[in-house]
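The following paragraphs go through part of one protein model. Please keep the sequence and the structure in view while reading.

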Amino acid sequence: MPAFSQEKLLKAKEIISHYPEGMQKSALLMILHLAQEEFGGWLDVPVMDYVAELLQIEPIEVYEVATFYSMYNLKPIGRYIFEVCQTGPCMLRGSDHIVAYIEEKLGIKPGQTTIDGMFSLKTVECLGACGYAPMMQFGKTYREHLTREKIDLIIEECRQNAEANN
Amino acid sequence: MDRPLTKNINLDRPPLSLKEYEKAGGYAALRKVLKGMSPKEIQKLVQDSNLKGRGGAGFNTGTKWSFVPMGNDAPKTKYLIVNADEMEPGTFKDRVLLEGDPHQLIEGMIIAAYAIQADISYVFLRWAYRKAALLIRKSIEEAYEAGYLGKNILGSGWNLDMHLHTGVGRYMCGEETALLNALEGKRATPRAKPPFPQVSGLFGKPTIVNNVETLCCVPHIVNNGADWFKGLSYTDDGGTKLYGVSGKVNKPGCWELPMGVTLRELIEEHAGGMMDGYKFKGALPGGASTDFMTIAHMDTKMDFKSVAEVGSRLGTGTVIVMDDKTCPVGFVHNLQHFFAQESCGWCTPCREGLPWVEKILLSIEKGEGKPEDIDVLEMHGELLGPGNTFCALAPGAMEPLQSALKYFREDFEKHIHDKRCPYS
């Protein structure tokens, strides 16, 4: 069974302490994020079972939550994830063109990952940055006022990062 | 012009630290409250200020607080939650407050918690707001160190804990009972009401859920009084409002303005008018779940009552402008895709109806629509309307659709008649 590193385990315990005794299930969603970070960006069944054990809840309670919220990845995902907002205000400012350009550059459709495991493309719903459209979430940052040129730069940035870290 | 909520905000630099915030007059309201105001007095003050919920429902905030059981007989452990799960399409105002002045929110939360005598408060923040998460976490720590949180706050004998909860991002959390389920580590599905959360909310205990902007108003009301707050507004609704404009305008953005500025002023003055080559066709005044307003409504005051009078809702006060080169059918299809995705699946009309609407709109957009499709869409407006679903998601989804059928009907008919989208 997978297990958290000591550091992540401490973090998980701190999160659990934010809720009244016996209400540790409240920490589930945050701990699933920790798990995603720790175990390769997605939630495999053994990982969810581990989280269930950690929180002393039934595995089904974890599965039903993990399958409900779109930020949890239930299959392997690329190292860099482009989560492009496609909702109304972004659509008005050309998010369709941005998605099409990324598809063309990377040769993948939304929901897919490049063969080398480097990039994934997701279309997502409103990210609350409508005044800076079109935009996407990229890792822990927002990338706003997207253009083709900006996409080129971001892809280049990822490739250089990956090379530097390999 | 007074801009109390954004006076400390400059998004080009980090927000004020606790010390800087104090220097700018911050936490004076909390001191004032703890020195000599009773919880009931604060409830009354906020009620009198006519502060209405900025999350979209527009209910009087002080009145909402007054439903919480008070006194020694009240259930033990009460909760105050700020809903920072901003996800109404078109809405990007709370993010400005969260990233721009986190201590203002925290001070508002502490005062609100005191007004209902809460023991624990949570910032329910959408996961995607990573920058805000870091800032809020740091600010909560600072507030603990300064004695504004924790045990015996400022010697008052009152205790309050505050935590950041960054679980989800799901539109359903705009419905406060669904938010409570999410905060309990469950799927964000709505609960039956009554009982209302004020009586039986988080873990079955009395709970208040307020929007970010709502709570940010509270310290200013305490400092300056209810009349001052009412005086900020051009209309009966108290205060300023964070308005926003998105779409094909020259300067999309978010501004704090007196409640009740007109739609025209927002679009032409603050958003710099339409981009070259584009004309205004319609606008959703307060997010995707509001009815379209048209050129005929340009001089409507943007407050709860005036917008309702022209058949829409102020909602979150963040306007999405639709231009003349955007296909209304395609645009409404995009919005219905959003609502269908975000439906929690709890009740049948919403779970089954929204994907059906989305499908029909797509077929019309692709030139495959039939004349009777318009009747089917209109039928959904009723089937998914108020009273027929468990919560307000589906009725909200029907607002842009029904109003598009009313104002832009020719566009729908032309698609069906010509068997193609005239805009492509």
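Strand β7 of chain B is mostly covered, with 4 of its 5 residues buried; buried means under 20% relative accessible area, exposed over 50%, and partly exposed in between, with a 1.4 Å probe and protein chains only. Helices (H or I, at least four residues) and strands (E, at least two) are DSSP runs, numbered from the N terminus. This is a predicted model, in which local features need pLDDT of at least 70 and side-chain atom pairs count only at pLDDT 80 or more, while totals for chains, interfaces and linings use all residues. Residues are numbered from 1 along each chain as its sequence is written, chains are lettered from A and ligands numbered from 1 in the order in which they are written, and side-chain values use heavy atoms, with hydrogens and water left out.

β7(B) and β8(B) run antiparallel and are joined by 4 bridges. Within this pair, B:Phe280 stands opposite B:Asp323 in β8(B). Two strands count as paired if DSSP finds at least two bridges between them. In general, strands of a sheet pair through backbone hydrogen bonds, either parallel or antiparallel.

Both strands belong to an open sheet of 4 strands in chain B, with the order β6-β5-β8-β7 and mixed pairing. Its edge strands are β6 and β7 of chain B, each of which pairs on one side only. From one strand to the next, the twist averages 30°. Axes here are lines fitted to C-alpha atoms, for helices over the stretch in contact, and angles run from 0 to 180 degrees between N-to-C directions.

Helix α11(B) lies across β5, β6, β7 and β8 of chain B and runs at about 130° to β6(B). The helix spans residues 263-270, and its buried residues are B:Leu263, B:Leu266, B:Ile267 and B:His270. Seen down the axis of α11(B), these buried residues fall within an arc of 120°, so they line one face of the helix; the arc is that of the directions from the helix axis to the C-beta atoms. Their cover includes β5 (240-247), β6 (253-258), β7 (280-284) and β8 (318-323) of chain B. Just after α11(B), B:Gly272 takes a positive phi of about 70°.

B:Asp2 lies in the segment before α1 (18-23) of chain B. B:Asp2 counts as partly exposed because its relative accessibility is 44%. Leaving aside neighbours within four places in sequence, B:Asp2 is in contact (heavy atoms within 4.5 Å) with B:Trp228, B:Leu232 and B:Thr240.
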